[in-house]
Structures are given as C-alpha cells and as structure tokens.
Amino acid sequence: MTRVTPDLLSRFDVPGPRYTSYPTADRFVEAFTADDYARALRLRRAAAQSLPLSVYVHIPFCESLCYYCACNKIITKRHERGAAYLQYLEREMALHTAELGGARVVSQLHLGGGSPTFLSDAELGQLMQMLRRHFTLAPGGEYAIEVDPRTVDPARLAALAALGFNRLSFGVQDFDADVQKAVHRVQPADQVFALVEAARALGFESINTDLIYGLPRQTPTSFARTLEQVVELRPDRIALYAYAHLPERFKPQRRILKSELPVGAAKLSMLAQALDTLMGAGYVYVGMDHFALPNDALAVAKRQGRLHRNFQGYSTQPDCDLIALGVSAIGRMGATYSQNAKTMEEYCDKLDQGQLPVVRGLALNRDDLVRRAVIMALMCQGEVQFESIELAYLVDFKAMFAAELDALQPLVDAGMVSIDASSIQVTPTGWFFVRAAAMVFDRYLQADQNRARFSRII
C-alpha cells in the first residue's frame, strides 16, 4: 500500500483548482447569457437527445449556520419559504423542457444545498413529482440527496427511499463534541450511527459521510478518534475535505477564532493519518478527497477506468450534460458551462420574467476542449494516451504541449508521473497529488499568479 507521509504532503502542498470542470468556475463571464444557454439546450435537442442527462437541484435553506460553510445558503426557520421556492423550480424546469423538446431521460439526480432535508417530506415528494413531469428518471439511475443528520429520523429516511432516492450523503464533519461546538454544528455520534443503521436496513445502495480536517479545536489526537468512529460506522463512501479559512470571502467563517485553527504541521498530520487509517481499514483511495469500499460502484469504476468527474466530484456515470436547477447552481451543456443567479431575489426575478435564470458562464473554445480532455483523463484515469487526444481533436500532442511536457519533469523526477513515447502515466504515489499534474495543462492558471483563492493540493 502506498504511504503518504507528512513530509511528502508538505513538498507538494500548493494551491490549485479541484477541476470539477475545466475551465474552472472562476473563469465564467457575464458575457455568457441566458440566450447562450438556451441555444446550447436547443443544440442538444437537435444532436444528442437520446443521451441521458444528469440533474442537480440546489436547495439553499438551512435552519442554522455552520461557521465553516462556504456554500450558497439561506439561514431561516421559516419553512414556508420552501413551498415558494418549489414554484420557481418548476418554472425553471418548464423552461428547460420547452428548449429540450420534451421530457429527456435522466440517469443521475443529486439534491444538494444548503440542506435539502430542510424541505418537508411532502415538499420533497412534490419536488420529485415535478422532476418526473419534466424528465424521465431512468430505472437503475443514481438518485442522491445530501442529508443533515439533525433534520431526519428513520421515518424520514424511509420516506426518502419511497420517493426513489437510493443514495444518501450525511454531513458529519467531525464527531468531537468540542469541535462541533466551535463550528456551531452539534450532532451526537449515536444519532449518526442510528441513521446509518436505519439507512442500511432500508436498502440504500450507497451511504456517504463527509469529513473535514483543519477545523477549529481539532488536533491529530481528536481527529484520530473521529477516524476510528468512522471506520466503525463503515459508510460505503467517505469524502474528506480540507477546511480552507477564507473569512474575507465567506462571512460565516469570521465567527471562527483563527487562534483555534490547527497549524500547518498538525493539519498535514491529520491528513496523513486519515490516509493511513482509511486505507488500512480497507477503503480504496478513489482520488481527490474520495474514498470507497472495494465493492462500492465508485471503487469499481476506478478499477475499470470508468471514473468521471462533474461539479459534485467523482461519478460513475458516463460523461454527460448536467442541468443545474436552483439559485447559484452550476451546469454543463455541450461545450458550455453556466451558472444561475446567486441571490434568491435575482433568481426569482429572472423567472418572473419568463427567462432562464443564468447570469454567467462560458462557451469553450477549441483549446479549452482539448485541455479539458487532457485534464479529465489525468483526473479520472490517471493517464493520457497521446493518440486518443490526437484522433479526437486532430492535434499533434507533443507539439501542442511541448512546454507542458517539459513542465512535468519535476513530477517525473519525484516519481509522481512517468512519460513515454505514447502517454503520460500518473504513478500510485502521484495519484494522491494528481491535480498537480493537471495544473500543468491549465492555460488560465499558467497566466494567473493569484493562486491564493484555491484550496491546497490535498
């Protein structure tokens, strides 16, 4: 088993994008309008209507504020806001149906937030009915919902299963009571264990838990206890994220005392021990924060070279167009990316005018498309076959990327990457730092010295 030490992490721990897309969302421009997005939908209607879609629905509401959160959310205890929001979501779905020319097949659905379980069971049922009116949910598809453990009980999980959800993601972050108090998210471990047990009994196909390292009052010792509990919990998948403290960008983080944050060495130690503990317990490191049990679909896809990547992270679903519904949601359609209005007021105003609520995005040029193919091949398969890129895009790979091949040499020297006459291969050790290789091919990043806005490599 490859072992990643704190020393190795410190050598390659540099800021960089997460490449849930290329170009990344910070490159989107307001010159890309709702009309451009509508045109992309019509092109799909003409050229690719038989291919399945992926759908993401953003539910922005939360009852209470988690201080670490960098998501687009609305803190409120007024649950009637959910009913009004659903009306606008249906308007947005109807506009998509009109442009796509009917109810297109969806093989992957993800409800995120915010806290989707802020909505009542009846409202979630209404949302699923709306989705089924405007799209055709394929049998055997992946239908996932993010769950705040504080908002559900076994009866609510049974209701989610009855609605057709077959995948759950529980926000855990940390089991330590002191850390939970520091981030204003108190949820006893016993509660999470009971919910996971209930979800298994209900037959959910995959259960994920989210963890964060680098939170206030966390120490290597306290996080080791959390890892032991997670191993005992044994979810099918684990998402392990690094906390990025950016209070100048995210107001909730201003309530976190910087003096309570673990220093760099402690944070690296927590990551190294997480890798040791989880892989030692039999989890497969899928890549970029993701771990899965060997028989989980995500681990199987990695073994078979079928991993894909979208705005929700790694996926088993074929690379497909993503319709994003709701305030601030980001989607992909053909050679374009788009993002909805970030405020509820602007989102609703656009829909009141009968317009798609897209306010920015990007139409990819030929260079973007070639580089996206290279970056996603590295991020998902850990290799790039020169011939496949050359045949798909009619380029001379070595000529087009001569500077990039030279720039990979430090990673080659460090044993992270190997290059031969026909391909670039990421080594087993290099897989833990795969985006370092991907960054070399990012044309925008090469011209941008302001990398502080990105999280670090791991």
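Leu-111 stands opposite Ile-145 in E5. In this predicted model, strand E4 (residues 104-113) and strand E5 (residues 135-147) run parallel and are joined by seven bridges. The path of the chain leads from E4 through H4 to E5, a β-α-β crossover that is right-handed.

Ile-145 also stands opposite Leu-168 in E6. Strand E6 (residues 167-173) pairs with E5 in the parallel sense, and four bridges link the two. As a general point, strands of a sheet pair through backbone hydrogen bonds, in either a parallel or an antiparallel manner.

## An open sheet of three strands

An antiparallel arrangement is found in the open sheet of three strands, whose order is E17-E19-E18. Its edge strands, E17 (383-385) and E18 (417-419), each pair on one side only. On average, neighbouring strands of this sheet are turned by 15° against each other, with direction ignored.

Strand E19 (residues 423-426) runs antiparallel to E18, and three bridges join them. Within this pairing, Ser-418 stands opposite Gln-425 in E19.

## Helices against the sheet

Which strands does helix H12 touch? Helix H12 (residues 366-381) packs on the sheet and touches E17 and E19. The direction of H12 makes about 135° with that of E17.

Helix H13 (residues 386-393) lies across E17, E18 and E19. Relative to E17, H13 runs at about 55°.

## Salt bridges

Side chains of opposite charge can pair when their charged atoms come close. How many salt bridges does the structure hold? The total is 21 salt bridges.

One of them is formed by the side chains of Glu-80 and Arg-78, with a distance of 3.0 Å from N to O. Glu-80 has a relative accessible area of 49% and is partly exposed. Arg-78 is likewise partly exposed, with a relative accessible area of 49%.

## Charged pairs that link separate parts

Arg-133 and Glu-90 form a salt bridge in which the closest N and O atoms are 2.8 Å apart. Because Arg-133 belongs to helix H4 (residues 121-134) and Glu-90 to helix H3 (residues 80-100), the pair ties together parts that are 43 residues apart in sequence. Helix H4 is also the helix of the crossover between E4 and E5. With a relative accessibility of 22%, Glu-90 counts as partly exposed.

A salt bridge also connects Arg-217 with Asp-178, the closest N and O atoms lying 3.1 Å apart. Arg-217 is placed in the loop between strand E7 (206-213) and helix H8 (220-233), whereas Asp-178 is in helix H6 (residues 177-182), so the pair ties together parts that are 39 residues apart in sequence. Arg-217 counts as partly exposed at 32% relative accessibility. Asp-178 is also partly exposed, and its relative accessible area is 40%.

Note on methods:
Residues are numbered from 1 along each chain as its sequence is written. This is a predicted model: local features need pLDDT of at least 70, side-chain atom pairs count only at pLDDT 80 or more; totals for chains, interfaces and linings use all residues. Side-chain values use heavy atoms; hydrogens and water are left out. Two strands pair if DSSP finds at least two bridges between them. Axes are lines fitted to C-alpha atoms, for helices over the stretch in contact, and angles run from 0 to 180 degrees between N-to-C directions. Contact means heavy atoms within 4.5 Å. A salt bridge is a side-chain nitrogen of Lys or Arg within 4 Å of a carboxyl oxygen of Asp or Glu. Buried means under 20% relative accessible area, exposed over 50%, partly exposed in between (1.4 Å probe, protein chains only). A crossover is right-handed if, with the strands pointing away from the viewer, the path from the first strand over the helix to the second runs clockwise.
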